[in-house]
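Look through the structure first, then read the points below.

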Amino acid sequence: MSDIKNKGIMERFGLKVREKRGRLGISQEELAFRSGLHRTYISDIERGARNVSLINIMKIAKALKARPSELLDN
């Protein structure tokens, strides 16, 4: 896959995380605490700047009370 396509995938994932977090009314810091990840890492994800591992996708989904597929759907 090209770097441009990869960036689009990461940006869409980040947008889904941000939207779900917003619906729950929690901060990036709270999501970081709930998922066991660092707040700057969450910020990077939401900006589409991180290629997230499957393990971290699972942690984030659990913290957001979502199925991983909800964060990956277009």
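**Helix H2 and its surroundings**

Helix H2 (residues 28–35) packs against helix H3 (residues 39–46) at an angle of about 110°, and their axes are 8 Å apart. The model is predicted.

**How H2 meets H3**

- Angles of 65 to 115 degrees count as roughly perpendicular. H2 and H3 are therefore roughly perpendicular to each other.
- The crossing of H2 past H3 is right-handed.
- On the H2 side, Gln28, Glu29, Leu31, Ala32 and Ser35 make the contact. On the H3 side, Arg39, Ile42, Ser43 and Glu46 take part.
- Sorted by class, the contact of H2 with H3 has 3 nonpolar, 3 polar and 3 charged residues.

**Two faces of H2**

- Which residues of H2 are buried? They are Gln28, Leu31, Ala32 and Ser35.
- An α-helix has 3.6 residues a turn, so residues three or four places apart point the same way.
- The face turned away from the buried side of H2 carries Glu29 and Phe33, which are exposed.

**What covers H2, and what follows**

- The cover over the buried residues of H2 includes helix H1 (3–24), H3 and helix H4 (54–63).
- Glycine 36 follows H2. The phi of glycine 36 is positive, near 75°.

Definitions and conventions:
Residues are numbered from 1 along each chain as its sequence is written. This is a predicted model: local features need pLDDT of at least 70, side-chain atom pairs count only at pLDDT 80 or more; totals for chains, interfaces and linings use all residues. Side-chain values use heavy atoms; hydrogens and water are left out. Axes are lines fitted to C-alpha atoms, for helices over the stretch in contact, and angles run from 0 to 180 degrees between N-to-C directions. Helices (H or I, at least four residues) and strands (E, at least two) are DSSP runs, numbered from the N terminus. Angles under 35 degrees count as roughly parallel, over 145 as roughly antiparallel, 65 to 115 as roughly perpendicular and the rest as oblique. A crossing is left-handed if the near helix is turned anticlockwise from the far one by less than a right angle, and right-handed if clockwise. Contact means heavy atoms within 4.5 Å. Ala, Val, Leu, Ile, Met, Phe, Trp, Tyr, Cys and Pro count as nonpolar, Asp, Glu, Lys and Arg as charged, and the others, Gly among them, as polar. Buried means under 20% relative accessible area, exposed over 50%, partly exposed in between (1.4 Å probe, protein chains only).
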